[in-house]
Amino acid sequence: MHSVDPSPIQHLMREMGIDEASVEYRKRIVGIEARDLERIGAVRELVVQNAERLTSSFFDYLAGLEEGRALSGDRVVLARARELKREHLVAMVQGNYGLEYARQRLELALLYNRVGLDLRVFLAAFHHLLERAGEILTRHSGLAPLEGFETFMSLKKVAFFDIGLIVDAIVFERERLIRQQQSAIRELSTPVLQIRDRMLLLPIIGVIDTARARLVTESLLRAIRDNRAKVVVMDITGVATIDSRVANHLIQTVTAARLMGASVIVTGLSAEVAQSLVALGIDLTKLNTVGDLQGGIEEAERSLGYQVLQRERPAIARGE
Amino acid sequence: MAHQPSSVPIERELDIVTARQKGRELAARLGFSSTDQTLLATAISELARNIVAYAGSGRIELSQVEEPGRRGIEIVALDAGPGIADVELALKDGYSTGNSLGVGLPGARRLMDDFELRSKLGVGTTVTAKKWLR
């Protein structure tokens, strides 16, 4: 049963592991303390009054940059981004930097990501906004210079807390593509091929890690069921190193296949790998191993009752 | 020259492959046969796997060693994990506190020529293993 699909932001938060505890930890990293909340509270009104102006400073700065056009060009997105940014500024001085606050930052991050806003451009614009905020604090807060500076630094901690969230979210989204490609490559790298009725070939090439071993087993079992296969030839010529874990994976795959009613012939075990398995003390005698792929396929054919006959010498062999 | 030991941090399964490849490269450079390269790579694999499985993180150091009349490779596998309570038992075939075949450590010992395991509970484990060029 699938539960109701949560909003993309909730989904992202779950994927990124952002919860109450991690938000608290992020606050600790930037060093937001009770003192900071007090200082920020003292200028809350001033910042809220200037929220519109500060929002404009951010978007005007973006509009002035070539790379910022992505955002300023799309009216609907721009309007939503402005709205969120304004809310952001007001929230920045409310003193509640919990899960809901983090959720709002991620919403903005997703929006930036959708329009492909460059991180460096975002950072420059945000810094520009903070500069304006600093100016407003210095001129209009009525605080002594040192106090004004401290208050600005407190605000800056919150800003860095925000940047941390936004940058992490944007990077996470960009890496999503890499993760998808990785899983696609993994899928492609474990083909199960049918070579005759009820006979499958499973070539394994490269490194077998736990994730890949699971995938190999899964796709093999699925193929055995779909093809009602009786014999599988598993070729491991392309596996350079087999340690105890990988051997264990192979044994489990073979056992599972057997439970599904298919016998497995393992081919392509190199002399080097055979020696290291013996030294490791791994008993593979329960596996049906045949020297090379050709031998394995021939044995599989025999066990299924196939007889391959060469009718006449082909032209190519006669040298014509 | 070229005696620079290489150190591979071991934190994830992927790092095991890196350590193994580094070992193979070094072995090939020193003139180890292809069988010995594979035996060495397998030993590194077992030791690195133990780090990931039991300590979480650690590192594998690979270096060339020389003694009068012989040359070889030294693998040092270090971690700051929970340590091994009974070293003798851990080196026994078929013994495992995890869900494995229990051949990792004793197997690695058989794959190498010299093998020394030092472990202290709560401090960590260091395995030093050597293979000599034949």
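## Contact between chains A and B in a predicted model

The contact draws 20 residues from chain A and 24 residues from chain B, where contact means heavy atoms within 4.5 Å. This is a predicted model, in which local features need pLDDT of at least 70 and side-chain atom pairs count only at pLDDT 80 or more, while totals for chains, interfaces and linings use all residues. Residues are numbered from 1 along each chain as its sequence is written, chains are lettered from A in the order in which they are written, and side-chain values use heavy atoms, with hydrogens and water left out.

**The interface as a whole**

- Chain A and chain B bury about 1,700 Å² between them, with 55% of it on carbon and sulfur atoms; buried area here is the accessible area (1.4 Å probe) that two parts lose on being put together, summed over both.
- Of the area that chain A buries against chain B, 31% is supplied by A:T241, A:E272 and A:L280, more than by any other three residues.
- Across the interface there are 8 residue pairs in polar contact, both residues being at pLDDT 80 or more (a pair of N or O atoms within 3.5 Å; within protein, one must be able to donate a hydrogen and the other to accept it, and residues adjacent in sequence count only if both atoms are side-chain atoms).
- On the side of chain A that touches chain B, the elements giving two or more residues are α12 (244-259) and α13 (271-280) of chain A, and the largest share, 6 residues, comes from α13(A); helices (H or I, at least four residues) and strands (E, at least two) are DSSP runs, numbered from the N terminus.

**The salt bridge between the chains**

- The count between chain A and chain B is 1 salt bridge, a term for a side-chain nitrogen of Lys or Arg within 4 Å of a carboxyl oxygen of Asp or Glu.
- That kind of pairing joins B:R49 to A:D243, whose closest N and O atoms are 2.4 Å apart.
- A:D243 lies in the loop between β3 (231-238) and α12 of chain A, and A:D243 counts as buried because its relative accessibility is 0% (buried means under 20% relative accessible area, exposed over 50%, partly exposed in between, with a 1.4 Å probe and protein chains only).
- Not counting residues up to four places away in sequence, A:D243 touches residues of both chains, among them A:L280, A:I282, B:R20 and B:T42.
- B:R49 also meets B:E13 in a salt bridge of 3.6 Å, N to O, a pair that links helix α1 (residues 13-29) of chain B, which holds B:E13, with helix α2 (residues 34-55) of chain B, which holds B:R49, 36 residues apart.
- B:R49 counts as buried at 7% relative accessibility, whereas B:E13, at 25%, counts as partly exposed.

**Salt bridges within the chains**

- Over all chains the count comes to 27 salt bridges.
- In chain A, the side chains of A:E107 and A:R80 meet at 2.5 Å, N to O, with A:E107 buried at 16% relative accessibility and A:R80 partly exposed at 30%.
- In chain B, B:K131 and B:D113 form a salt bridge of 4.0 Å, N to O, in which B:K131 is buried at 3% and B:D113 is partly exposed at 40%.

**A buried leucine in chain B**

- B:L62 is placed in strand β2 (residues 58-67) of chain B and counts as buried, because its relative accessibility is 2%.
- Leaving aside neighbours within four places in sequence, the contacts of B:L62 include B:P5, B:A19, B:L26, B:I44 and B:I75.
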